[in-house]
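Me: Could you take a close look at one part of this model for me? I'd like to follow a single residue and its surroundings, step by step.

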Amino acid sequence: MAIWVRMAPHAYPLLESLHILGVAMLIGGAVVVDLRLMGLGGRHVPVTMVTRNVLPLCFIGFAAAAISGGLMFTGIARAVGLSAAAPWKLGLILLSGVNILIFHFGIYRSVHAWEQAAVPPWPARIAGSLSMISWVGVLVAGRYLAYV
């Protein structure tokens, strides 16, 4: 696979395009949910309506980004491994995943008690803030992979 990614003239650009589309779906959707959780956007829309409609797009985006990113990595593993940005990107992806698990198995279990609130409770706002910061950090670290 690595040889195909490195040698096929259109492999890497097509994978990178799929990766960017996946990242846009993932982070764009996450920002929509995060803004609602922070009480900064869509205050009139129930939290469950936002999550039900947006999170499936985030999952598809994550799958596209993970698969295309993994394939791109096979072709340039050494360069990525030597980049100072790689541990940041992977660490922030891990932090984002832990935040998602804590949110969904924690505060989100009581969402029906606060889903209509214009400003959700503090734990939801913290989870939304941490999500937005970590996913934007993943985006920035991903761009730095090409430069540091």
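Reply: T51 lies in helix α3, which covers residues 47-82 (helices are DSSP runs of H or I, at least four residues, numbered from the N terminus). This is a predicted model, where local features need pLDDT of at least 70 and side-chain atom pairs count only at pLDDT 80 or more, while totals for chains, interfaces and linings use all residues. Residues are numbered from 1 along each chain as its sequence is written, and side-chain values use heavy atoms, with hydrogens and water left out.

With a relative accessibility of 6%, T51 counts as buried (under 20% relative accessible area; exposed is over 50%, partly exposed in between, with a 1.4 Å probe and protein chains only). A polar atom of its side chain lies 3.1 Å from the backbone oxygen of T48. The side chain of T51 also joins that of Y108 through a polar contact of 2.7 Å (a pair of N or O atoms within 3.5 Å; within protein, one must be able to donate a hydrogen and the other to accept it, and residues adjacent in sequence count only if both atoms are side-chain atoms).

The ring centres of F103 and Y108 are 5.3 Å apart with planes at 45°, so the pair is tilted (Phe, Tyr and Trp rings, the last by its six-membered ring, pair if centres lie within 6.5 Å; planes under 30 degrees apart are stacked, over 60 edge-to-face, the rest tilted). F103 is buried as well, at 7% relative accessibility. A search of the whole structure finds 1 aromatic pair.

Notes
Helices (H or I, at least four residues) and strands (E, at least two) are DSSP runs, numbered from the N terminus.
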